[in-house]
Amino acid sequence: MPVNKFINGRLFWHILLLLFSIMMLFPLLFAISNSFKSLSESYNNMLSLIPGNPTFSNYVTIFTTLPLFQIILNTFITATIVTLFKLATSYFAAYAFTFFKFRGEKLLYFLFVATIFVPFTVMMIPNYLIISKIGLLNNIYGVILPQLCDATGIFIITQTMKTIPKSLIEVSKLDNVGTLGILRDIVFPLTKPAIVSSGIMFFINSWNEYVWPTLILKDRINFTLPLVLQMFISSEGGTSFPLAMAISMVTMIIPLILYLFFQKYILNTFSQSGIK
Amino acid sequence: MGKALLIHKNQIIAYLFIVPSLVIFSLFLIWPGIYTIYLSFLNWNLISPDKEFVGFGNYVALFQDPNTYKILINTFAYIVILLMLNCFLPYVLSFILEYVITKGKNFYKKVIFLPSIISLVVGSMLYVWILNPVSGPVAVLFKMLGISLPFWSNTNGLVIVVLSLITSWKVFGYNFIVLLAGVSNVPRGVIEAARLDNIPLHKIFFQIVLPMSSATGIYVFIMTIVQGLQYVFTPVSVITQGGPNYASSNLIYHSYQDAFVLYKTGQSAALSTMTLLLFVLLLFLEFKFVEKRVYYASK
């Protein structure tokens, strides 16, 4: 049957995959091109991917009407602190789980990994109460505090550390290398790829985080990027369309740059995270 | 004696390394979990100094509220659609990419993964415009064909499909990459032999690839449910706020709305506890039954 032959052939699947790729990329191209169009052009010619009269005016408008530099700085500080702490806590916990035998080891490891299955709604009310009690509502440190540790990070780094031969550690101990020396000079270089890619993953996820910051941050000046973006989504739509596209671009640009530079790392970690 | 002391010392060092994670997990995950279960037995509004013990009152109220059933049905609909879009479809595509096509593998991988690194708020906002039923590009294309788009955000049923599609834009690539890693572990020779024997692709997929990569498959299946329902929160919150009349709300969003919009803390906690039970059941099923079958199938 010719139809069967077509489906079993490569051409059919290339056409399908290309269509898929276009669907994935189209929203990005749509945002880039419209963010450089004037208001009237964006409405009259929303579909054209190359602006007729490219203009920076949308970017100028959002940077002058919103405290955008402060908002970018908030997002950056939040993502950086969250990433560094998650890496440190995951690295230390992974070290204990890999190279030490202690009571409750298996149970604790299971407990940590099982937390991946807990929906955020289970924690949101008590965490909101804790943050409000210690006076960190409407403050990025209130966003940061509950996120200093990460089960996926512990899992990925432990998996990588398990590939280091135990004898290497034993030998270093016999050579009188202290625990800190082992952590810094022996284990760290061997787990670096997993650490870098987990770090990028933490940073991007924190940069994009929406649910928890919406509960904690109230004033514009304390917002992170995804929250300011939300102000531009209104059922009326109105005159803000090209401005909304410009804000989207500002929000996307950092993760996009990180992805362009670290694709290999990122694709590797993400594919590992599903393998047991 | 010296050895026993050494073991003891090692235990202390190990605990010292675990303590930072343990403290944060206990304070912001385990304790809140227990507290939420406690709150589910109270009548409270998040602000008042008085909390009243009502036993299973919140649970009874939930089961008497017709909206709860609506939300449970919606949640089930989201699960089914997300499983099709984010588990089955990427599974098939990862098989095609690994064993059928020969060129462009890396290109497709990079492009399909790309949206996974972008904020879902950005995705929601872009799709609000792209799918705008009056002036959006999709509406313009359909108009040329003489079809007018329905106002999806106000249409029962359709709104769930579109919100799931928007969520998939972000989640698809991630699941795809994970499945690709699982599928590529199937021995190549088996697939190539089957291809040489002209066995149709769907048979190769269902009878060879699926059983031989089922460990990854089941992981993605369960994660699609657990994380998918939480990811949907963002487009629901940004685009419809659960409307029209709860038609796009799910367990997760409704629990948020009860707590922070309607200040029905007890009911929200009861709903979260029910969601937790559902997810724990999934985890249990994976460990008890599915893992066993995986083992059996891969033998």
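**Briefing: chains A and B**

With 11 C-beta neighbours inside 10 Å, Glu192(B) counts as exposed (exposed means 12 or fewer other C-beta atoms within 10 Å of its own, buried 20 or more, partly exposed in between, with C-beta atoms placed from the backbone). This is a predicted model, where local features need pLDDT of at least 70, side-chain atom pairs count only at pLDDT 80 or more, and totals for chains, interfaces and linings use all residues. Residues are numbered from 1 along each chain as its sequence is written, while chains are lettered from A and ligands numbered from 1 in the order in which they are written.

**Around Glu192(B)**
- Glu192(B) sits in helix α8 of chain B, residues 188–196 (helices are DSSP runs of H or I with at least four residues, strands runs of E with at least two, numbered from the N terminus).
- Its C-alpha atom is 9.7 Å from that of Val100(B), 92 residues away along the chain.

**Where the chains meet**
- Contacts link 69 residues of chain A with 77 residues of chain B (C-beta atoms, placed from the backbone, within 7 Å).
- The side of chain A that touches chain B has 49 nonpolar, 17 polar and three charged residues (nonpolar: Ala, Val, Leu, Ile, Met, Phe, Trp, Tyr, Cys and Pro; charged: Asp, Glu, Lys and Arg; polar: the others, Gly among them).

**Transmembrane annotations**
- For chain A, an unreviewed UniProt entry lists transmembrane regions including residues 12–36 and 140–161; such annotations may be inferred rather than shown by experiment.
- Residues 12–36 of chain A are 96% helix and 0% strand, with end C-alpha atoms 36 Å apart.
- In chain B, the unreviewed UniProt entry includes residues 158–183 among its transmembrane regions, and this span is 100% helix, its end C-alpha atoms 33 Å apart.

Technical notes:
Contact = placed C-beta atoms within 7 Å.
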